[in-house]
Amino acid sequence: MTSMTKHTLSDCFSLRARIGWQGLRSDEFKTEGPYLVTGIDFHNGRVDWDDCYHVTEERYVQDKGIQLHEHDLLITKDGTIGKTAVVVDCPEKATLNSGVFVVRAINNEVVPEFLHYVLHSHWFDLFVRNVLTGSTIKHLNQEKFYKFTFEAPDVPTQKKIVEVLESIDTVINQTRETLQKRIYVRDGLFQALLQNGIDEYGHIRSPKTHQYKESPVGMFPVDWDVIQIRTVATKVGSGSTPRGGESVYTNEGIIFIRSQDVTHDGLVLSDVAHIPPTIHNRMRRSCVKKNDVLLNITGASIGRSCVYDLDEDANVNQHVCIIRMDKGYEKAYLLHRWLFSYGQRQIRVLMTGSNREGLNFDQIKKIYFPLIRDEAEVKRIVAILRSADEEIEQEQATLRKYQSIKQGLVNDLLSNKVDIPDTL
């Protein structure tokens with residue numbers, strides 16, 4: 001095994017940041033001039049220069065210490081702490097916004113790219129948690145950050161480790177790009193099929209070949225019924241938080257669905273809560289049935305929806321609304337996809353002027369959607385959309401696999417558990 005040397009951040013790196021914004025106001029952000037980098041411009045460990053705002057030349061020269069250079073390492077110190085990016089393809093003039101440290105090597109003991117991966121390890125996560133314990137303001141203090149200690153091999157070995165990890169980052173980024181392309185294709189299909197439908201020959205309809213009619217939410221084929229949810233829903237309602245709150249949650253029992261479990265791509269059960277059957281039986285009005293559409297009705301995730309397609313008993317809290325149509329999976333799936341796309345516009349309109357961030361049941365019942373009477377057409381549409389969903393799910397699984405491999409490599413390589421030749 002390669003020998004490791006213990007380092008303290010202050011011994012090999014300097015930290016600089018924009019002090020108190022230095023009077024920089026958001027109305028000073030420009031569309032041209034020197035680049036202004038903030039944490040939201042970090043994407044996959046790099047700065048996305050196309051996303052950056054710009055500032056005046058006067059603001060750029062105000063502080064030479066935060067003028068950026070190739071191979072600088074950036075880390076967010078406020079809000080989402082610990083998000084990092086290595087400066088690559090640095091423009092001639094670029095500077096920092098507030099909330100970000102520039103971490104710059106002061107000797108040749110540790111390369112910045114190696115530290116970038118150290119800051120993505122569980123050792124740094126533990127350090128940050130300890131630093132923030134008891135703090136009400138989430139902020140990475142410069143004095144404390146300087147005391148962060150870590151181990152590193154000699155510089156040639158560091159560079160080999162970086163090469164290995166960057167190679168899997170390349171694969172991860174390529175997978176992300178493929179995933180995003182599939183999502184674009186799927187969303188285009190959603191838009192076309194949920195607005196036009198598909199004929200018996202597999203062709204998407206158009207006004208040139210089929211008759212259309214006006215509706216409160218646009219033009220649709222004449223043989224479709226554009227109706228409000230209340231017309232066909234047998235249930236629109238949510239649940240409540242059991243008495244005792246989280247203290248009654250169990251590791252097993254009845255699935256208890258909260259808003260964080262509901263996503264547009266399905267129900268996420270990796271961190272789902274459970275409640276005892278006795279409590280579930282007392283909450284019979286909010287029991288979930290197979291093929292119910294679940295819709296988030298409060299908070300930042302308003303409008304997210306999915307279909308409950310499990311055979312297991314489940315219940316929901318007050319932040320999740322059950323929409324039940326008793327029309328089978330295909331109709332429920334189409335309603336969910338409508339809410340995911342066109343329905344979002346109606347939700348925003350319904351909430352206009354509302355003094356609280358939430359949807360009520362009357363508003364949900366007023367949402368319009370197209371009800372397709374031809375069962376064969378419904379099945380054709382759902383088959384196409386579900387096929388696109390499955391391709392995305394496969395790509396997401398591939399991405400998770402590579403991310404897991406990377407995390408394992410980070411931990412093994414940085415802790416000197418494996419030699420570099422074993423990983424190549």
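**Reading the model**

Reply: His71 is found in the loop between α2 (57–61) and β7 (73–76). This comes from a predicted model.

Me: Is His71 buried, partly exposed or exposed?
Reply: Residues under 20% relative accessible area count as buried and those over 50% as exposed, with partly exposed in between. His71 has a relative accessibility of 45%, so His71 is partly exposed.

Me: What is the phi of His71?
Reply: His71 is a residue other than glycine, and its phi is positive. The value for His71 is near 75°.

Me: Where is Asn291, and what is its phi?
Reply: Asn291 sits in the loop between β20 (287–288) and β21 (292–296). With 21% relative accessibility, Asn291 counts as partly exposed. Its phi is positive, in a residue other than glycine, and is near 80°.

Me: How many helices and strands does the protein have?
Reply: The C-alpha trace spans about 70 × 55 × 50 Å along its principal axes. Within the protein there are 13 helices and 25 strands.

Me: What percentage of the residues in the protein is buried?
Reply: The accessible surface comes to about 21,700 Å², and carbon and sulfur atoms hold 48% of that surface. The protein has 424 residues, and the buried part of them is 47%.

Me: Are α6 and α9 roughly parallel or roughly perpendicular to each other?
Reply: Two packed helices are described by the angle between their axes and the distance between the axes. Helix α6 (residues 155–196) and helix α9 (residues 328–340) have axes 11 Å apart and pack at an angle of about 110°. Angles of 65 to 115 degrees count as roughly perpendicular. The two helices, α6 and α9, are therefore roughly perpendicular.

Me: Which residues meet where α6 contacts α9, and how many are charged?
Reply: From α6 come Arg186, Asp187, Phe190 and Leu194, and they meet Tyr333, Leu334, Arg337, Trp338 and Phe340 of α9. By class, this contact of α6 with α9 has six nonpolar residues, no polar ones, and a charged count of three.

Me: Which elements do the buried residues of α10 pack against?
Reply: In helix α10 (residues 342–351), the buried residues include Tyr342, Ile347 and Met351. The buried residues of α10 pack against α6, α9 and β25 (368–372).

Me: What is the separation of the C-alpha atoms of Gln180 and Glu246?
Reply: Gln180 is in helix α6 and counts as partly exposed at 32% relative accessibility. Gln180 and Glu246 are 66 residues apart along the chain. The separation of their C-alpha atoms is 36 Å.

Me: Is the pair of Phe124 and Phe145 stacked or tilted?
Reply: The whole structure holds 14 aromatic pairs. In the pair of Phe124 and Phe145, the ring centres are 5.8 Å apart and the planes are at 55°. Planes under 30 degrees apart count as stacked and over 60 as edge-to-face. The pair of Phe124 and Phe145 is therefore tilted.

Me: Which residues form one aromatic cluster?
Reply: Phe124 is buried at 2% relative accessible area, and Phe145 is buried at 0%. The cluster is formed by Phe101, Phe124, Phe127, Phe145, Phe148 and Phe150.

Methods:
Residues are numbered from 1 along each chain as its sequence is written. This is a predicted model: local features need pLDDT of at least 70, side-chain atom pairs count only at pLDDT 80 or more; totals for chains, interfaces and linings use all residues. Side-chain values use heavy atoms; hydrogens and water are left out. Axes are lines fitted to C-alpha atoms, for helices over the stretch in contact, and angles run from 0 to 180 degrees between N-to-C directions. Helices (H or I, at least four residues) and strands (E, at least two) are DSSP runs, numbered from the N terminus. Angles under 35 degrees count as roughly parallel, over 145 as roughly antiparallel, 65 to 115 as roughly perpendicular and the rest as oblique. Contact means heavy atoms within 4.5 Å. Ala, Val, Leu, Ile, Met, Phe, Trp, Tyr, Cys and Pro count as nonpolar, Asp, Glu, Lys and Arg as charged, and the others, Gly among them, as polar. Buried means under 20% relative accessible area, exposed over 50%, partly exposed in between (1.4 Å probe, protein chains only). Accessible areas come from the Shrake-Rupley method with a 1.4 Å probe; for residues, only the protein chains shown count as cover. Rings of Phe, Tyr and Trp (its six-membered ring) pair if their centres lie within 6.5 Å; planes under 30 degrees apart count as stacked, over 60 as edge-to-face and the rest as tilted.
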